Protein chains: 2
Amino acid sequence: MGKVISLNEKISGDKKGINHDDTPSLDLLSNLVGEDLQSVNRVILERMDSPVGLITQLAGHIIASGGKRLRPMLTLASAKMCGYQGKRHIELAACVEFIHTATLLHDDVVDDSELRRGAATANSLWGNKPSVLVGDFLFSKAFQLSVSDGSLRVLDILASTSAVLAEGEVMQLVTSNDTETSEDSYLEVITSKTASLFSAACKLGSVVAERPTPEEEALASFGLNLGIAYQLVDDALDYSSNSKNLGKAVGDDFRDGKITLPVLLAFRRGTENERKFWKRTMEDGNQTEDDFAQALNYMNYHDTINDSFKRAKHFGEVSKDALELFRYSSEKKALQEVVDFCIGRTN
Amino acid sequence: MGKVISLNEKISGDKKGINHDDTPSLDLLSNLVGEDLQSVNRVILERMDSPVGLITQLAGHIIASGGKRLRPMLTLASAKMCGYQGKRHIELAACVEFIHTATLLHDDVVDDSELRRGAATANSLWGNKPSVLVGDFLFSKAFQLSVSDGSLRVLDILASTSAVLAEGEVMQLVTSNDTETSEDSYLEVITSKTASLFSAACKLGSVVAERPTPEEEALASFGLNLGIAYQLVDDALDYSSNSKNLGKAVGDDFRDGKITLPVLLAFRRGTENERKFWKRTMEDGNQTEDDFAQALNYMNYHDTINDSFKRAKHFGEVSKDALELFRYSSEKKALQEVVDFCIGRTN
């Protein structure tokens, strides 16, 4: 778990004031679902095995390269919070992680990324071709796993979520390089490409526990808003972290011309001259060495990075309120801490 | 339907002797399932619709660009042959076509193909990125469709088939450029990447009709062997057709260094000098303008293109025998004609 600074400190601009005593972390969550998560990891290893060596090798690389396993932990904790006593949540959590990993492989191909979580991406090591195909393999494995669970309800959730995920990725591609993207369109993209899987991961917990509809909806809403907050922070960190902590190169989004909230707001709030700068660098892809520093200047002047963190905080609050339907439990507390962790993280 | 010459003529080397009177075609099949196929096309159009314009556009391009709709027709005819009276086979046939289309999109990215069925590929028109993502979208849509069918048996078949397909594609990537690939490995690749979906398409017909296991197995075997024959012919045509009929550039496999049966046999049967030629051109990718003609010379000398058609004929025979379990019906006759059409086709 990385050190994080509280959101208030971040908004006030005091980035050095790390609070060691009250640092939001995933510790409580990890403690509560640690044993189940080990079972999830076992299922993942078993299921990604293939007679084709390259599949096991490449899938192993991306799955083993760490990651917080946040999404499967959400499924595990949600199920427990709903009083679920069985074992179905284990395979479903693995299923969620497989879908996530498949999209990561395809994302890295689409974005030509070279670093992920501080390690070389699969596409940079093996090339785009196996990454595309092993992504397909992992998608299929996710569906095999969910079929073996045997619930059409669960299958429906996962199949619909996968379709929405793919739609979100294409939407992002379409809005990429368009500085006039509205905040609403941006939100639609991150809701589809990120938040929908967070939402499904949480909802599955209540589905296996056979809880009434309001609880399902509460968990779906918790996950959705958490996912939006998570992606907002991710996009803001691309302009405010350092490569070592972020696990990828800062400024990647800028160099790719990917329009995220910090840019979108800077464009809207900017002068005509500033808008020309954004159009040249992000739309025309015509960038010089000093442009990234200049971009940061404009963003800082209009406070768009901090405002992105503020927007994240808003969705974090909505997320926490969604959980209030449930009575107190350690799992509920852990899930609330996930929100604080996600909006407070620095990498 | 393209004109085809009979297999005997092809083997005897008389490629001009087109037999207009007894040309195997898909006509009987098309007549029998034509109405159902129109329903399948309607389902496809409805389901590929998306608020994201690029998805509808790109998916529409590849789906509308023709293709014989062979796989969905196999599902429709198999179901009818099994006496099925309902409507489930319509959506399942659409599902099979979605899976097929998704793999085509990803294949063309992996192979850097520019032509498919005589038209520009989606990746050459829109780039690789949307092709990868729209492929994912179509995969997800296939699963949504199969979930709405509601049978876990069907879902299991489709999820397993998708995993095998992806494994086959990766296997092909691994054996690509390896002139020492054995005929068995080659067969394993084409069984996974092509025949498995043919097999599933046929098997689904008996599953919806709730036929006993031997009939399911017979249809699965019919499809599997038909699919192997189909791919063998496809690979042989890459050295013996002309671009206009083939709908793609002849010699693509050679230029890509893709090791298929005609090459694999020429390497095995060749002299040391010939093997050096194959290693240089296919393994090292070091090709001059005259090399394709030279490759054809070696293949003709060792008769490896004709022998590939002969191998196809063998699997076609096995395929037909698998059907013999069923009593006579127009559908059975149509399915048998599919075999003749597939091994006799010239494009």
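This is a predicted model: local features need pLDDT of at least 70, side-chain atom pairs count only at pLDDT 80 or more; totals for chains, interfaces and linings use all residues.
Local features need pLDDT of at least 70 and side-chain atom pairs count only at pLDDT 80 or more, whereas totals for chains, interfaces and linings use all residues. Residues are numbered from 1 along each chain as its sequence is written, and chains are lettered from A and ligands numbered from 1 in the order in which they are written.

Chain A has 17 helices and two strands (DSSP runs of H or I with at least four residues, and of E with at least two, numbered from the N terminus). Its radius of gyration, taken over C-alpha atoms, is 20 Å, which agrees with the value near 20 Å for a compact globule of 347 residues (2.2 Å times the number of residues to the power 0.38). Of these 347 residues, 55% are buried (20 or more other C-beta atoms within 10 Å of the residue's own, with C-beta atoms placed from the backbone). Buried residues of H16(A) include Ile305(A), Phe309(A), Arg311(A) and Lys313(A).

At the interface, 35 residues of chain B are in contact with 35 residues of chain A (C-beta atoms, placed from the backbone, within 7 Å). Two or more residues each come from H3, H5, H7 and H8 of chain B, and H8(B) gives the most, with 14 residues. Chain B can be laid on chain A with an RMSD of 0.0 Å by a turn of 180° and a shift of 0.0 Å along the axis (least squares on C-alpha atoms of residues with pLDDT of at least 70 in both copies). That is the relation of a two-fold axis. The same surface serves both copies, as 100% of the contact residues of chain B recur in chain A.

Technical notes: Two residues are in contact if their C-beta atoms, placed from the backbone, lie within 7 Å. A residue is buried if 20 or more other C-beta atoms lie within 10 Å of its own, exposed if 12 or fewer, and partly exposed in between; C-beta atoms are placed from the backbone.
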